[in-house]
Amino acid sequence: MEAPNPWLLPFFLLLLAAAFSDQLPPSSAQFPFPETTSTAVPDPTKFFSPSLLSSPLPTNSFFQNFVLNNGDLPEYIHPYLIRTANSSLSVSYPSRTSNSSITQLPFSPDLTISSVSNKTHFVSSFSDLAVDLDIGDFRFHLVRGSPYLTFSVLKNSSVSISTGGNGVGSVDSYDDSTKHIIRLSNGRTWVVYSTAAIYLMKGKSSEIVTSGGFSGVIRVAVLPNSAAETEQILDRYSGCYPVSGYAKLSGNFGFSYKWQKKGSGGLLMLAHPLHRRVLSENLTVLQNFKYGSIDGDLVGVVGDSWDLNFAPIPITWHSINGIERKFFPEIVAALKHDVGTLNVTELSSTAASYFYGKLLARAARLALIAEEVDYAAGVIPAVVKFLKTGVQPWLDGKFGRNGFLYDRKWAGLVTKNGATSKTEDFGFGIYNDHHFHLGYFVYSIAVLAKLDRNWGNQYKAPAYALVYDYMNYRSKNSQFSIPFRNFDFWKLHSWAAGLTEFPDGRNQESTSEAINAYYAAALMGLAYGDESLTAVGSALTAAEIAAAQTWWHVNRGGRSSIYDEGFTEENRVVGILWSGARESRLWFATAEWRECRVGIQVLPVLPVTERVFADEGFVKEVVEWVSPALEREDAGEGWKGFVYALEGIYDNKENAVGKVKKLKKHDDGNSLSNLLWWIYSRPERQG
């Protein structure tokens with residue numbers, strides 16, 4: 001038998017797991033949480049091929065809008081916005097609109113391609129980097145970063161193209177009618193390539209029609225500029241098209257892409273700014289071939305496989321730099337107080353999974369800090385008792401106010417309260433924020449498993465089940481959860497929004513909580529001696545950090561030249577980042593509450609936070625930008641603590657410590673001990 005091509009397998013089958021298969025917890029047939037019939041999630045059968053319904057389905061993917069409600073809201077398949085409705089697919093090369101509070105890509109269709117079948121669309125296949133969308137006899141190969149929109153006409157059929165209100169200036173034919181140039185009245189010019197002759201002609205003012213039928217492959221691409229070289233490049237690479245794309249782990253801090261392609265010649269794709277920073281040097285980069293996007297210029301790259309290598313990120317239980325012993329007594333005094341405030345009654349009365357997880361993680365931090373300042377005996381027994389009391393009811397299914405259940409429709413965890421409500425637990429029941437909530441639980445479990453190995457072994461199966469829900473990386477567990485539920489391998493960061501459609505696509509607010517989720521998974525690998533789990537968690541941590549610095553951190557002197565001047569001048573961090581928009585507001589706060597915007601990109605404060613905010617000059621800009629907001633009477637004390645943590649990166653320790661000691665309260669996932677640990681573990685300033 002011929003060996004299978006490893007590139008045809010999704011990312012999670014290609015990791016280092018084979019060497020550690022003996023460490024796997026029970027299979028999905030023995031999934032440790034009870035099954036439920038959720039009334040909150042939508043029915044997935046409308047927009048997925050029946051052949052896909054027996055496997056886990058994506059809940060945070062780049063094409064999610066296509067499979068929710070009516071399936072008619074656009075998605076950003078770089079460089080185009082794509083919308084499906086009424087047996088047709090519309091494509092737009094969007095122009096960015098921007099002001100001081102929002103940068104957005106409004107959808108205005110350039111071309112609409114229609115099928116005569118009068119059938120609704122459905123997803124026939126999907127991969128890490130692509131999705132096939134079928135409409136009648138047309139199969140659209142929607143591949144991230146392709147400058148061409150490609151579709152196969154599966155059997156002889158008429159092809160109808162309209163241009164909405166734009167109007168058609170002209171339609172010109174070349175190369176025996178296998179290339180056409182369509183000039184629209186809005187100034188856009190599109191090129192149409194086909195594998196056989198197709199006869200396009202100008203119909204009514206907004207229509208282009210074909211005479212006779214067509215069977216084969218059609219590719220359309222906008223000319224992003226008037227340079228003759230751009231059209232020549234599109235001509236040169238029009239014969240090779242991708243139909244799917246996969247990602248895999250490559251070394252400890254790298255990824256590799258591989259596209260399945262058809263046709264002949266080299267494969268032309270587009271790379272966004274983060275791609276280009278980590279892209280290997282063995283590829284042909286066409287620096288002058290550029291498309292605009294909300295994420296920065298997309299530059300042409302020729303090659304059907306890419307290697308991406310991130311800077312290594314230290315995954316450590318304790319601070320990266322260490323703490324001078326002279327600061328130990330002050331931290332120990334804070335630990336004594338904070339451990340004394342651990343309140344099982346408060347914990348058990350907290351029903352919401354997010355806030356419950358934060359309380360657990362806060363306690364777990366105290367244990368690790370105590371280890372670092374040689375006060376383990378005074379803290380760890382109380383923390384271990386608290387964590388066991390708090391964690392076990394969720395893992396045993398015996399927490400009366402809430403709990404984890406398994407939803408088979410979409411294949412993943414929901415909470416008991418979320419299984420009947422779209423809003424309980426911040427939408428966890430419809431797959432919103434899974435990596436945020438579960439990341440806190442996983443962090444706490446990792447620490448507890450480190451401190452008590454017997455307990456860790458006893459609860460290994462449910463502990464791994466939590467990780468697999470948002471970061472399933474093992475083939476043997478693919479039956480009960482989609483691989484890497486939240487992580488987007490093309491954008492190289494996570495999305496938080498679950499089974500809710502939005503006009504601007506997917507979104508994520510807190511990058512730091514996403515980082516925490518993957519960092520926590522890596523720590524759990526350390527606790528269980530699972531090198532593959534640590535490797536995967538480390539790689540995703542590195543990618544999420546790089547993405548946060550690229551798109552959420554609005555650095556005037558650095559990477560954020562991708563944003564327009566008005567937005568850059570008014571903002572230092574993005575509030576909500578959408579596929580097709582950037583907003584300064586938060587889900588829970590207005591743009592004026594800058595302390596919340598900063599805090600949500602910092603919490604929780606961890607050893608790895610140092611790498612997120614490694615640019616001292618940028619950190620100082622952020623603190624100066626947010627400081628006036630701290631003077632408001634309603635500025636929260638907990639949010640101030642995160643600002644002071646950033647201030648401690650560049651200011652002297654005494655100033656930052658003085659401010660955190662004056663705080664009257666802390667965020668529910670933070671503590672005075674944690675803030676003192678952070679400030680005193682900052683490297684000494686030179687000069």
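Is asparagine 507 buried or exposed? Asparagine 507 is buried, its relative accessible area being 3%, where buried means under 20% relative accessible area, exposed over 50% and partly exposed in between (1.4 Å probe, protein chains only). This is a predicted model, in which local features need pLDDT of at least 70 and side-chain atom pairs count only at pLDDT 80 or more, while totals for chains, interfaces and linings use all residues. Residues are numbered from 1 along each chain as its sequence is written, and side-chain values use heavy atoms, with hydrogens and water left out.

Asparagine 507 belongs to strand β29 (residues 507–508); strands (E, at least two residues) and helices (H or I, at least four) are DSSP runs numbered from the N terminus. Leaving aside residues up to four places away in sequence, asparagine 507 touches Trp495, Ala496, Ala497, Phe502, Ile576, Leu577, Trp578 and Trp587. Contact here means heavy atoms within 4.5 Å.

Valine 573 sits in the loop between α12 (565–570) and β30 (576–578). Valine 573 is also buried, with a relative accessible area of 2%. With residues up to four places away in sequence again not counted, valine 573 touches Trp552, Val554, Arg597, Val598, Gln601 and Trp625. From valine 573 to proline 393 the separation is 180 residues in sequence and 38 Å in space, C-alpha to C-alpha.

Next comes strand β23 (residues 298–302). Five of its five residues are buried, so the strand is largely enclosed by the rest of the structure. In a regular strand the side chains alternate between the two faces of the sheet. In β23, Leu298, Gly300 and Val302 point one way and Val299 and Val301 the other way.

Strand β23 pairs with two strands, pairing being counted if DSSP finds at least two bridges between them. Strand β21 (residues 268–271) runs antiparallel to β23 and is joined to it by four bridges, with methionine 269 opposite valine 301. Strand β22 (residues 284–291) is likewise antiparallel to β23, through five bridges, and threonine 284 stands opposite valine 302. β22 and β23 form a hairpin with six residues between them, and glycine 296 in the turn has a positive phi of about 105°.

The remaining topic is helix packing. Two packed helices are described by the angle between their axes and the distance between the axes. Axes are lines fitted to C-alpha atoms, for helices over the stretch in contact, and angles run from 0 to 180 degrees between N-to-C directions.

Helix α3 (residues 328–340) packs on helix α5 (residues 353–372) at about 150°, with the axes 10 Å apart. The two are therefore roughly antiparallel, a label for angles over 145 degrees, as roughly parallel is for those under 35. The crossing of α3 and α5 is left-handed, meaning that the near helix is turned anticlockwise from the far one by less than a right angle. Phe328, Ile331, Leu335, Asp338 and Val339 of α3 meet Arg362, Leu366, Ile369, Ala370 and Glu372 of α5. By class, this contact has seven nonpolar, no polar and three charged residues; Ala, Val, Leu, Ile, Met, Phe, Trp, Tyr, Cys and Pro count as nonpolar, Asp, Glu, Lys and Arg as charged, and the others, Gly among them, as polar.

The axes of helix α7 (residues 434–451) and helix α10 (residues 511–528) come within 8 Å and cross at roughly 25°, which makes α7 roughly parallel to α10. Their crossing is left-handed. The contact of α7 with α10 has 17 nonpolar, three polar and two charged residues.

How values were computed
Angles under 35 degrees count as roughly parallel, over 145 as roughly antiparallel, 65 to 115 as roughly perpendicular and the rest as oblique.
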